[in-house]
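Welcome! Have a look at the structure below, and then we will go through it together, topic by topic.

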Amino acid sequence: MKKRERRRIIERAEIIRSAVFFFVLALGAVIALIIPLHPTTSEIEKRDLAKFPSFSLTSFLDGTYFKDIDTWYSDTFPFRESLISANSALQSFNGIGSVQIHGTVKKGDEIPTDNEGKIATLQELPSVEESSSAEATTTTPSSSEEENVNLPTQKLGPVFVAGNAGYELYSFGKEMSEQYAAVINYAADELDGIADVYDIIIPNSTGVVLPENIRKDIGTSDQKEAMSYIFSVMSSKVKKVNIYDVLKEHKNEYIYFRTDHHWTQLGAYYAYTEYCKARGLTAKPIDFYEKQEYPGFLGSFYADSGKAPELAATPDTVEAYCPKATNDMVYVDKNGNEVKWNIVSDVSGWGTSTKYSAFIGGDNPLVKIKNPELSDGSACVVIKESYGNAFVPFLVDHYENVYVLDYRYYKGKLKDFVTENKVKDVIYINNIMATGTSLRINDLIRITK
Amino acid sequence: MVFSSLLFVYLFLPCCLFFYFLSRSIRARNVILLVFSLVFYAWTNPKYILLLVAMVFINWVCAIGIDSNGRKRVRKRWLVIDLIGCLTILGIFKYLGFASSILRSFTGFPKEIIDIALPIGISFYTFQLISYTIDVYRDEIPAERNFFIVLLYAGLFHQCIAGPIVRYQDVADEIEYRTIDSDELARGVTRFAVGLAKKTLLANTCAKVFDQLVPLDSVSQCSALALWLGMLFFMFQIYLDFSAYSDMAIGMGLMTGFHFRENFNYPYTGNSVTDFWRRWHISLSTFFRDYVYIPLGGNRCSKGRQIFNLFIVWFLTGMWHGASTNYIMWGLFFFVFLVLEKLFLLDVLSGLPKLFGHIYMLIVVFFGWIIFKFEDIGLMGTVFKGMFCANGNSFTSYETGTIFMNYIFFIVLCIVAVTPFIKELGRLLNKIGSKYKGMLIFKSAIDVVAPVVLLILSTMALAGNSYNPFLYFQF
């Protein structure tokens, strides 16, 4: 090859190199200048994306105005969802192993095997702070789909992804757990003679489904032992519904989502059968209910794991069981407006990340369900976070009135509510992460005390 | 603004280049660079533009003062005024908080620590300007009469906030006369893309994995292996991050006709600590060599005095990196090894296979980064202890093992990235390409495709950075 020819090829390649690069750069700039291409919300992240800042002299002078423009530009960059998904696919080439841990696992306290006769009483709680490890779970916020992306959501604890399923890791905290028990004790004392107080703690999939040797390796606390301990420091006035064993028995069934931290309604059904035993009711068989299926659900684990492609490959299906007596309910939203809604909503047209909101319209301060087939004056109230949503529909066929308070949002007092509505059964239902989270316990204290 | 943001890559830079190439005269091009540089600088905090301008003004005036006087005493006076001015400003904005906290720990006074937000890039442009004025004093260059040229020199957004520290004499001619040819433009493109990818794909991931392995709020619970591995990631990160900024600066320089000197030369391939420092942040070490070490007497004095000179240099080097005790410790840590090497260790190493020196250097630098990383001395101690299981922590954990496996290929990629492997591979392909046309075309195709691919991958990573699920909590 002649030197001149070589030179010619090289030079041509150099010109093409610069031209192609600058073209892509310019193309990106032009696309990004088309404002309508900037997304404004992210469904999967359940949040509004950054907004273009409004100008003020102070924000200009201290640099926050420019900083906010920066944030806006990158947060709403055109096609960001696709870019993010492509990026997480790229990340999977970083190494091997079908397991990943997102977040940091903290060592839990040792779980006492003996309560030494102790009954938990409310202590002065340390001021509310975010405890990152035990930070609770939950929530698919509100009813309508549009609202769903706008409402604030909470952070999950560390998430372990193995194969096509995520697991939220639990660390036992002795002090917090005792405080949880103490609130329930307090409620049982307060309502003594007025209503019965039931407590249900829901173990999550880590505690039920994940094999024990893996749980040991990761260093997550034993949920069965933690539950036993918490129940052991509850007073005899509290009716404890221990659902660990029944869930364990059915661990090979579809009782937890793989891409979301919640349980499925089938899991909630088994809890309901245990509740019926404790309450002296006859549980309906599962085929008593009409079943709906809403496939294509990618929940919080998918979001929290940075859109792990393993999870995206096999989305969950929300299986919903409708109560027989009615599918009508009324909820009171955060502004105090009453809204008619369905106990089980058709979420087939909803976004992939919002389908858990099929149950009782998601998380609202207060839900009221009236059973038209009963007129015995029976009433129960469920004090819950989002895990409770899947549980509520099963109660409908047993009570004339089912009330649901989301203790994170309900501003009133439980005792007032119970006396006003002549409630006889008070059911506290919490997932195990909430029982170790100071924020949740403070919420419980606020509504109970 | 930072280079590794979508706003910079997809708005600022294209606009700047567009107007730059649109204008023809060097004057117009300089005006464009200056305007964009000021916007770039103001983006972080508009007020600090005044500081930059003031600093340039001092040096501009003093340099002219020096240059227009033949008398040595007067020249010296101008220089002293200049140095006092620059170092006072640097001292106030960078070290006042640190100094007052030290003062308070001894005297209990002042009650309130003065906390001034560090103006971005101040350490870089102050040093550039000092070097300019000293060079004028040394008659190496004439003083620049045009204020805006000096402002452009110090404030040019390519290197203003993260180096390299450019000497005026290296760019003086190019500020007033420069050309761009297709070869350099293409090299600039590749260099910029490589830097951007190093920062967004590698350094940022290293930072993420470090945080995962060594969560700062529970360091004492970390397994020993997590700490070792975490610090390895930090060691990768700091080089990849820092050199990426230099790469991007050099690349953008080439696109616009400037030739900045190399700032890094694969430091982790050095075979002694001395060698490491010849390859690491070269523009800073040469600054200290030329403006501190040699004026103090350098090597041409007694052994004792030499060691003293080195002490001063490394004390200052440490301090330059940040206003905190650990940076000074870090500088002095290297001082010890450099003195040992000067006294006898280099002789010993030269008698051994190169691998020994190389491993020894990596170990020293590795521990150096631990000192560098933790401003909190107590935390630093916890890390050191934890690395040897002295916190009651386990040697390894399931989590550590998982993360290691999750990033095992990434680690290999980082090792490749900190060595000249790819550079040598390219050279080899060029060599074969000079004989075989097929290979030449293949190599040229790679050269064309690589920058765009890196740009697109970096864009994905930058968009991924904005991915913050559950960002707003309910409180």
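Predicted model: local features only at pLDDT ≥ 70, side-chain atom pairs only at ≥ 80, totals over all residues.

**How chain B is built**

- You will find 19 helices and 0 strands in the secondary structure of chain B.
- The C-alpha trace of chain B spans about 70 × 70 × 65 Å along its principal axes.
- Of the 475 residues in chain B, 55% count as buried.
- Take the contacts in chain B with a separation of 6 or more: 74% of them are between residues 24 or more positions apart.

**Where chain A and chain B meet**

- Chain A brings 76 residues to the contact, and chain B brings 72 residues.
- About 6,400 Å² of area is buried between the two chains, and carbon and sulfur atoms give 69% of this area.

**Polar and charged links**

- Between chain A and chain B there are 12 residue pairs in polar contact, counting pairs with both residues at pLDDT 80 or more.
- The interface also has 1 salt bridge by the rule used here.
- In a salt bridge, the side chain of Lys437(B) meets that of Glu5(A), at 2.9 Å from N to O.

**The side of chain A that touches chain B**

- Helix H1 of chain A (residues 3-33) gives the most to this side, with 18 residues.
- Sorted by class, this side of chain A has 37 nonpolar, 18 polar and 21 charged residues.

Methods:
Residues numbered from 1 in each chain as written. Chains lettered and ligands numbered in written order. Heavy atoms only, no water. Contact = heavy atoms within 4.5 Å. Buried area = accessible area lost by both parts, 1.4 Å probe. Salt bridge = Lys/Arg side-chain N within 4 Å of Asp/Glu carboxyl O. Polar contact = N/O pair within 3.5 Å; in protein donor to acceptor, adjacent residues only side chain to side chain. Helix = DSSP H or I, 4+ residues; strand = E, 2+ residues; numbered from the N terminus. Nonpolar A, V, L, I, M, F, W, Y, C, P; charged D, E, K, R; others polar. Buried < 20%, exposed > 50% of the residue type's maximum accessible area, 1.4 Å probe, protein only.
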